[in-house]
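Subject: Structure handover

Hello,

I am passing this structure on to you, with notes on what was found in it. Please look through it before reading further.

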Amino acid sequence: MAAALECALREAVAALEPGGESVVAAALGTVRAALAAADTAALGEQERALFGTFLRRLVWAPREARPEGVWQSCFLEGPPGLALCVLLETLSAPGPSIHRREVVEVLEQFLRKGRVAALLWEVCQQPAQPGAPELQEALLSRVACLPDHVSNQLQGKSPPVFFPQSYFPLLGGAVIEVLQKISDSLRGGLDCSISFVSHVLGKVCVHGRQKEILSVLVPHLTELTQADCIWQRICWRLVECVPERWMEAVLLGFVQRAPGADVLSRLLGNLVVKNKKAQFVLTQKVLLLQYGHKTAVLQNLLGYLSLDPLRRPLLIQVLQELLETWGSSSAVKHSPAEQQHYISKAILICLSHLKESDIESCRQELLTSMMEGVKCHLDSNLPCVRRLGMVVAESISLKINTEGPVLKFQYEEDDETRELKSLLVQTTPCCAVPSLPDEEEAEKAAGQPSVSDGDKKPQTAAPVAPAEESDAELDSDDDLIPYDMSEDKELTAKAPLYLRDCIEVLTGCEDVDKWEATVKALEGLIRRNPAAAREVSVELAKILLHLEEKTCMEGFAALRQRAQVAVLTTDPIPVAQYLTSQFYSLNYSLRQRVDILDVLVLAAQELSCPKSHGDTKPSVAPKPGIQLLPGSDSSKDWRSIVDERIKSKTRRIARGQAQVEPAASPNEFNSIAGHFFFPLIQHFDRPLTTFDLLGEDHFVLGRLVHTLAILMYLAVNTVAVTAMGKALLEFVWTLRFHTDCYVRQGLLSCVSSLLLSVPAERLLEDMTEELLEAQSWLGDVVEKDPDGDCRRLALQNLLLLENLKKKLQIGPS
């Protein structure tokens with residue numbers, strides 16, 4: 001048969017030389033008959049070379065030598081690999097547009113008639129030959145990148161079948177068809193290779209088309225491997241034969257699109273144990289080096305590791321490495337909050353898959369990691385990071401102390417913490433037992449020490465006994481008539497009327513009610529009697545700074561803070577000098593130092609805002625009205641006539657309050673901004689015995705930096721703003737490489753405040769070199785800082801600097 005095909009090909013090549021159409025048609029018919037009788041997969045190298053020559057002559061033959069419908073069949077019925085290569089070569093060769101359109105039409109028929117599956121199956125059947133690797137590499141590039149080849153030649157005017165969203169699902173269907181033939185061959189005792197299909201899958205995935213091809217492959221393979229061990233082995237072999245350079249893309253595609261860990265286990269088998277590249281990707285890269293995957297990906301991956309005894313040691317290893325990263329102070333400081341949240345989710349999912357035997361084998365390691373990790377997280381300045389540490393520590397404690405006391409922190413629950421806690425109690429699909437009878441399910445549920453059972457106990461036990469007791473009490477007390485206490489009034493202590501009396505109560509009074517009344521009335525007394533407040537302002541500031549809560553008084557911290565702000569705004573300079581001097585003094589708690597910063601900020605905001613003098617009560621907003629804009633001199637006459645006419649014809653039931661423009665008042669912060677700012681920035685680098693801003697007390701340093709940024713912003717248009725800007729820029733430059741992201745955010749906010757507050761002329765004349773150095777630093781922050789907020793603030797500052805450059809260019813002209 002091969003000899004007959006060879007003879008027919010030689011005659012057809014000769015007929016394609018200048019000749020009649022009837023001779024060509026007959027020769028092509030002979031070739032098609034020989035193709036139908038021969039096995040194209042078993043053709044030798046000589047026959048393939050001759051068939052390639054025939055196809056190239058045929059595609060470039062004159063139109064009259066190519067009978068319609070016949071010459072296309074030679075491409076669709078011959079060896080598919082050769083046909084695809086010749087068609088793509090012809091498409092890329094220079095030629096008339098009509099000829100190119102014909103080639104595209106043949107290519108489109110090639111795809112629609114399933115010739116891609118025939119091509120894959122042909123390569124799988126071919127035995128190893130001397131030139132096979134080179135031929136397979138050429139075919140691999142053409143099959144995996146066919147949309148790109150066609151689009152490059154047609155300049156984006158490709159038919160819809162060559163769009164990636166159409167072609168790659170079609171290629172996925174061809175892969176399933178070939179895998180079905182491989183399954184049939186294996187069941188029939190015949191050998192065939194699957195490596196070429198694996199290479200196609202790897203190359204498509206590494207080019208970023210996992211979604212298109214695996215959206216077809218994964219559902220079919222999920223169904224086919226459910227109860228068929230041969231199909232499972234085929235699927236395992238399909239992934240195992242993917243080259244290492246493409247393995248990561250394929251594995252990520254399967255993990256992302258598998259509907260569950262049990263399905264992923266069927267599709268991958270023990271690949272993670274056999275293949276070092278797969279083990280690195282699944283146990284290191286996805287978990288520790290990346291953090292953009294969804295929770296379902298982590299559940300699939302870690303559930304896959306837990307479902308087989310050979311893979312469970314990897315689960316324990318992964319948990320230990322995750323806890324090591326979670327408990328590293330360097331990782332907590334330098335990694336973004338999103339990555340820490342991702343690692344926390346992975347830890348909780350690992351804990352949910354641990355068995356009692358696993359916990360016994362690593363209980364001490366879990367305890368040690370928990371203690372180290374919770375300390376690192378609680379030292380962080382970011383509330384979200386501290387909350388992550390609390391949730392994970394509680395979860396670890398719950399797992400390792402099933403019978404004893406567990407850790408319990410106080411924090412405000414939100415959607416994030418509820419999601420994290422839900423990951424700890426999830427169950428794997430293989431553990432679900434839906435077919436148990438109702439009674440057995442109830443008994444089993446009653447015997448499980450789950451969280452939901454503990455929640456249900458007080459709900460079911462509470463309403464029974466108290467109801468009977470309450471009925472008995474009502475029966476025995478029917479004869480007693482309660483007293484009428486509706487008009488009774490609660491006796492309240494009278495607040496002092498003078499500030500010196502307030503000082504006596506706050507420092508030495510033992511009457512708790514009078515003390516509470518004094519705290520509540522203190523702010524109002526200070527604001528109503530500013531002259532008296534100035535006489536004892538520093539003494540009051542000292543008392544309030546050291547004042548501690550004697551009772552469980554609601555809103556005590558806010559009342560004390562408002563009183564401090566009132567004292568500071570009433571007598572700013574001496575009180576500000578006292579508070580700023582105490583910030584760097586010995587024997588103060590971190591809470592008191594933070595209170596000083598908060599009071600300075602609130603007072604500066606109040607002093608910098610215009611306000612009406614005299615009445616301290618909030619003014620009632622006037623009713624909305626229509627105000628006529630002032631017109632020109634020529635319009636006064638007619639406007640007055642119109643107004644008088646409107647008044648005479650308008651009936652007014654009540655006259656509203658006249659709208660009065662608020663009187664302009666000076667900015668009281670203008671002359672005293674330096675008293676708030678400069679003492680805070682002077683001694684930050686001098687460590688004390690109990691206070692080290694550049695060491696362990698970086699939380700207070702972060703608050704100090706943010707305070708300076710706010711004070712700088714409020715000092716706009718003040719006399720000292722330029723000097724403040726210079727000092728602040730030196731301060732920022734000293735701390736610009738601080739390891740804590742909260743401090744770096746504050747430093748970048750300082751730069752923003754400086755650029756917004758200091759006049760552009762002063763910036764460009766007095767701080768040109770410093771700003772150029774700062775610009776280089778900001779560029780590094782945008783590119784390299786791990787914290788997203790820092791990158792955003794740095795980019796904002798670069799835009800502000802760019803605006804300053806434009807002003808510098810426009811200025812001389």
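How far does helix 40 (residues 741–757) reach from its first C-alpha to its last? The model is a predicted one, and in it the 17 residues of helix 40 reach 24 Å, close to the 24 Å expected at 1.5 Å a residue. Of those 17 residues, 16 are buried, so helix 40 is largely enclosed by the rest of the structure. Its N-terminal end is capped by Asp 740. A side-chain oxygen of Asp 740 lies 2.9 Å from the backbone nitrogen of Tyr 742.

If you take the contacts in the chain with a separation of 6 or more, 74% of them are between residues 24 or more positions apart.

Helix 32 covers residues 537–546 and helix 33 covers residues 556–570. Their axes come within 10 Å and cross at roughly 160°. Angles over 145 degrees count as roughly antiparallel, and helix 32 and helix 33 are therefore roughly antiparallel to each other. The crossing of the two is left-handed. On the side of helix 32, the contact is made by Ser 537, Leu 540, Ala 541, Leu 544 and Leu 545. Helix 33 contributes Arg 560, Ala 563, Gln 564 and Val 567. When you read those two lists, keep the helix repeat in mind: an α-helix has 3.6 residues a turn, so residues three or four places apart point the same way.

Two loop residues are also on the list. Asn 587 has a positive phi of about 60° although it is not a glycine. Where is Asn 587 placed? It sits in the loop between helix 34 (572–583) and helix 35 (590–608). Asn 587 has a relative accessible area of 72% and is exposed, the cut-off for exposed being over 50%.

Asn 717 is the other entry. Its phi is positive, about 70°, and Asn 717 is not a glycine. The loop that holds Asn 717 lies between helix 38 (698–714) and helix 39 (721–735). Is Asn 717 buried or exposed? With a relative accessibility of 71%, Asn 717 counts as exposed.

Regards

Key
Residues numbered from 1 in each chain as written. Predicted model: local features only at pLDDT ≥ 70, side-chain atom pairs only at ≥ 80, totals over all residues. Heavy atoms only, no water. Helix = DSSP H or I, 4+ residues; strand = E, 2+ residues; numbered from the N terminus. Expected span 1.5 Å × (residues − 1). Buried < 20%, exposed > 50% of the residue type's maximum accessible area, 1.4 Å probe, protein only. Polar contact = N/O pair within 3.5 Å; in protein donor to acceptor, adjacent residues only side chain to side chain. Axes fitted to C-alpha atoms, helices over the stretch in contact; angles between N-to-C directions. Parallel < 35°, antiparallel > 145°, perpendicular 65-115°, else oblique. Left-handed = near helix turned anticlockwise from the far one by under 90°. Contact = heavy atoms within 4.5 Å.
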